[in-house]
Amino acid sequence: MMQTDYLKLIDEYKDEMIETLCELVRIKSVEEEPVEVPEKGLLPFGAGVQEAFEYMLVRGSADGFETENVDNYGGHIEFGGYELDGEGNIIGTSDEIMGILGHLDVVPEGELSGWDFGPYEGVVKDGKVYGRGTDDDKGATLAAYFAMKALKDSGFVPAKKVRLILGLDEETNWNGMRYYLSKVKKPDFGFTPDADFPAINGEKGTLVFEIAKKFGKNVNKGLELRSISGGSAPNVVADFARAVVRDDISGNYDKIKELAIAFRNETGYKLAVKGIGKSLEITAGGVSAHGATPWVGLNAVSVLMMFLGRLDIVNEDAAEFVEFYNKYIAFETDGTSIGCGFSDEQSGKLVFNIGMIEMDAKAVRLTVNVRYPVTVDADAVYDGMMPVLNKYNLGVIKEKDMKPIYMEPDSPFITTLMDVYRKHTGDTESKPLVIGGGTYAKACEGIVAFGPLFPGEPEYAHQPNECIKIENLVLAAKIYADAIYRLTKAE
């Protein structure tokens, strides 16, 4: 069939795409503890993620695709890989695989006060679909799925296998993708629909680590900082933080309440104080955002620490940590003050995000998510911070290091993706990008990130009121369909 046929089909699938996305959003697929279920076995990422996974596999099978579930750690939906003769008869098969790596898990919803709709309701309003995962990454995964469906339903037979790989713990540890790729043949090339258009030719390295310290016993009397907590995930800007203080001498918190009022008036930040028994609870509000773009949000941990720095805290270790935070981190997002403010021509500045904090009388653990430039390595980041950390007797607990990737912007693969994007958008100005976000492009060689966020569009991933424009969802599906066609058609 002619190329325009499958593009017309995508327009016809519009209502079906919207309803499918709403149904998928209504499944709360935040990773949970593993659970054993009769007849299904181990669900490594919890019941919600499994439900979303099974939803897609059932959908794929019903639409005539081949599907595979690899021990509930991941799976795929695929078609094609056939060689045809002049009459359209199958005369051979191909082992070459074009992979499209999406994911069905989502980050937690955060504070509900920031949402105009329920994060798992799948609401359609004003030309948008709202809900957690609409942007990252259920909407884009479905755009790729409907691109495949339109191609298949149009009669197109790819000369290479087209495989939509369903990741299940992309937002956390990638254990599912590693397991899946250890059991099946890895794709030879492809893309992950989990970033930006026009095309991503590089990604900064990603680190997750904790800055930690054990505290000595406090022997001083007065205003004691007893606990701090905040944040929901390393790769999300913390939108809520809480501290508890207690004054064992006066038990009077009027001065702190006055300071809180002055702080709010001075900064405009959200800060509240409330008595709880003989203690005082201090809460700070921020604005969540993706950890790759923390400047888009406002870190509630930094708001809280700024205020705590104005109090006369008597437990020395806790007070010293507050001092360290405000002096070397604060609201900075490029790591300059702490000693790792690296930058390069290819990928720009390092990105430094505070994701979570936990502190009690015994210790503090601050979870940090860093995106480092493509010409830098993890050792340079850690070595850069150590003079400051040693000064405060702070240790580092290393948790994750995902190496940067880089593909030349004029490579044939990137050029093809750029050509397809330009054909559908008319945008000849935008250039390939290097981003701070860490996508499944790092899971295996030959993969780059490609869409779904268009240039100039606001970023909603990991934020309240996450949404995707319906027109952009449809356009992304058309771009993906043409990319698949160009990259898998018979020569």
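A nonpolar core is here a set of buried Ala, Val, Leu, Ile, Met, Phe, Trp, Tyr and Cys residues joined through side-chain atoms within 4.5 Å, and buried means under 20% relative accessible area, with exposed over 50% and partly exposed in between (1.4 Å probe, protein chains only). The model is predicted: local features need pLDDT of at least 70 and side-chain atom pairs count only at pLDDT 80 or more, while totals for chains, interfaces and linings use all residues. Residues are numbered from 1 along each chain as its sequence is written, and side-chain values use heavy atoms, leaving out hydrogens and water.

**Nonpolar cores**

The largest nonpolar core has 65 residues, and Phe450 and Tyr480 have the most contacts inside it. Helix H11 (residues 470–488) gives the most to this core, with 12 residues. Helices (H or I, at least four residues) and strands (E, at least two) are DSSP runs, numbered from the N terminus. Contact means heavy atoms within 4.5 Å. Leaving aside neighbours within four places in sequence, the contacts of phenylalanine 450 include Phe191, Pro193, Leu417, Ile479, Tyr480 and Ala483. A second, separate core of 56 residues includes Phe209, Val245, Phe263 and Leu394.

**The six-stranded sheet**

An open sheet with mixed pairing has the strand order E3-E4-E10-E7-E11-E26. Its edge strands, E3 (66–69) and E26 (447–449), each pair on one side only. From one strand to the next the twist averages 20°; axes are lines fitted to C-alpha atoms, for helices over the stretch in contact, and angles run from 0 to 180 degrees between N-to-C directions. Two strands pair if DSSP finds at least two bridges between them.

| Strands | Sense | Bridges |
|---|---|---|
| E4 and E10 | antiparallel | six |
| E7 and E10 | parallel | seven |
| E7 and E11 | parallel | three |

Strand E10 is mostly covered, six of its seven residues being buried. Within E10, isoleucine 165 stands opposite histidine 76 and is also the bridge partner of leucine 101. Isoleucine 100 has phenylalanine 191 of E11 as its bridge partner.

Helix H3 (residues 47–62) touches E3, strand E4 (75–80) and strand E10 (161–167), and its direction makes about 155° with that of E3. Helix H5 (residues 175–183) lies across E4, E7 and E10, running at about 145° to E10.

Aspartate 95 is in the loop between strand E6 (90–93) and E7. This residue counts as exposed because its relative accessibility is 57%. Not counting residues up to four places away in sequence, aspartate 95 touches Lys185 and Asp188. Tyrosine 73 is 22 residues from aspartate 95 in sequence and 23 Å from it in space, C-alpha to C-alpha.

**Helix H8**

Helix H8 (residues 316–328) has 13 residues and reaches 18 Å from its first C-alpha to its last, close to the 18 Å expected at 1.5 Å a residue; the expected span is 1.5 Å times one less than the number of residues. In H8, Ala318, Phe321, Val322, Phe324, Tyr325 and Tyr328 are buried. They lie on the same side of H8 because they cover an arc of only 165° around the axis, the arc being that of the directions from the helix axis to the C-beta atoms. Among the elements covering these buried residues are strand E14 (205–214), strand E21 (351–359) and helix H9 (378–391). Just after H8, alanine 330 takes a positive phi of about 50°.
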